[in-house]
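Colleague: I have not looked at this one before. Can you walk me through it?

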Amino acid sequence: MKQILIPAIRLTLVITVLTGLVYPLVVTGLSQMLFPHQANGSLITAGGKTVGSELIGQKFTKPEYFHGRPSAAGDGYDAANSGATNLGPTNQALINRVRDDIKKFRQENPTYTGPIPADLLTTSASGLDPHISPASAFAQVDRVAKARGVSADAIRKAVERRVEGPQFGIFGEPRVNVLALNLDLDRR
């Protein structure tokens, strides 16, 4: 019995130390050396203060700011409650929320007459998406320009500068990081 038990305990301790201590420390050390910005949360600073992350959306409600996607994560963009609502297309709660969001968008953006881009009405799977489509950003240009007292053309150019292409040129769709765009506008 001892011949089996003692090697099993030793092996368990060795594997625990390797996989529970050594491996995480090596991976953390390498990521801090090779990718410090990403390893520390891709944080964005403005005026010496951390204002958010490139990876987690924020709720913007003022008219001078671009608004992101609706969030189903807790009380809006709560990373501790990340997740979708799982409401189906015939669920009355989803229908009511989308109807209310359409009404709110039309009130806030009265000069926009086209179809509302879907990502301004639907939540992402995580509820934390920091990006909107270029179409969603362009749909808000007139409201932001009016609230900031600048030309719509200047705001449109700011959006164009912030459009990111697909990842590695092939994965995903073009997108605009809402926080980065709003910070660009605040710097002007």
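Colleague: Start with leucine 185. Is leucine 185 buried or exposed?

Modeller: Keep in mind that this is a predicted model. Leucine 185 has a relative accessibility of 5%, so it counts as buried, the limit being under 20%.

Colleague: Which helix does leucine 185 lie in?

Modeller: Leucine 185 is part of helix α7, residues 178-187.

Colleague: And what is leucine 185 in contact with, leaving aside its neighbours within four places in sequence?

Modeller: The contacts of leucine 185 beyond those neighbours are Phe66, Val144, Arg148, Ile155 and Ala158. Take phenylalanine 66: in sequence, 119 residues separate it from leucine 185, while the C-alpha to C-alpha distance in space is 9.7 Å.

Colleague: How many residues of α7 are buried?

Modeller: Eight of its 10 residues are, so α7 is largely enclosed by the rest of the structure. The buried ones are Val178, Leu179, Ala180, Leu181, Asn182, Leu183, Asp184 and Leu185.

Colleague: Arg148 came up as a contact. Which ring does the charged end of arginine 148 sit over?

Modeller: The ring of tyrosine 65, with the charged end 5.2 Å from the ring centre.

Colleague: Staying with rings, how many aromatic pairs are there in the whole structure?

Modeller: The search finds three. One of them joins phenylalanine 105 and tyrosine 112, with ring centres 5.8 Å apart and planes at 85°, so this pair is edge-to-face.

Colleague: What about phenylalanine 168 and phenylalanine 171, how are those rings arranged?

Modeller: Phenylalanine 168 and phenylalanine 171 also make an edge-to-face pair, at 6.4 Å centre to centre and 85° between the planes.

Colleague: Are phenylalanine 168 and phenylalanine 171 buried or exposed?

Modeller: Both are exposed. For phenylalanine 168 the relative accessible area is 70%. In the other pair, phenylalanine 105 is buried at 7% relative accessibility, and tyrosine 112 is partly exposed at 22%.

Colleague: Where is phenylalanine 168 found?

Modeller: In the loop between β4 (163-164) and β5. Its backbone deserves a look: phenylalanine 168 is not a glycine, yet it has a positive phi of about 55°.

Colleague: Why bring that up?

Modeller: Because most residues other than glycine have a negative phi. Serine 42 is also not a glycine, and its phi is positive too, at about 50°.

Colleague: Where does serine 42 lie?

Modeller: In the loop between α2 (36-39) and β1. Serine 42 is buried, with 4% relative accessibility. Setting aside neighbours within four places in sequence, serine 42 touches His37, Gly52, Ser53, Glu54 and Leu55.

Colleague: Last one. How many cavities of 30 Å³ or more does the structure hold?

Modeller: One. The largest cavity has a volume of about 60 Å³.

Colleague: Which residues line the largest cavity?

Modeller: Ile56, Gly57, Gln58, Phe60, Gly68, Arg69, Tyr77, Asp129, Pro130, Asn177, Val178 and Leu179. Of these, Val178 and Leu179 are among the buried residues of α7.

Terms used: Residues are numbered from 1 along each chain as its sequence is written. This is a predicted model: local features need pLDDT of at least 70, side-chain atom pairs count only at pLDDT 80 or more; totals for chains, interfaces and linings use all residues. Side-chain values use heavy atoms; hydrogens and water are left out. Rings of Phe, Tyr and Trp (its six-membered ring) pair if their centres lie within 6.5 Å; planes under 30 degrees apart count as stacked, over 60 as edge-to-face and the rest as tilted. Buried means under 20% relative accessible area, exposed over 50%, partly exposed in between (1.4 Å probe, protein chains only). A charge sits over a ring if NZ of Lys or CZ of Arg is within 6 Å of the ring centre and within 35 degrees of the ring normal. On a 1 Å grid over the protein atoms alone, a cavity is a set of points where a 1.4 Å probe fits but cannot get out, and a pocket is an open set with protein on both sides within 12 Å along at least five of seven lines; lining residues have an atom within 4 Å of a point. Grid points are joined across faces, edges and corners, and a volume is the space filled by probe spheres set on the points. Helices (H or I, at least four residues) and strands (E, at least two) are DSSP runs, numbered from the N terminus. Contact means heavy atoms within 4.5 Å.
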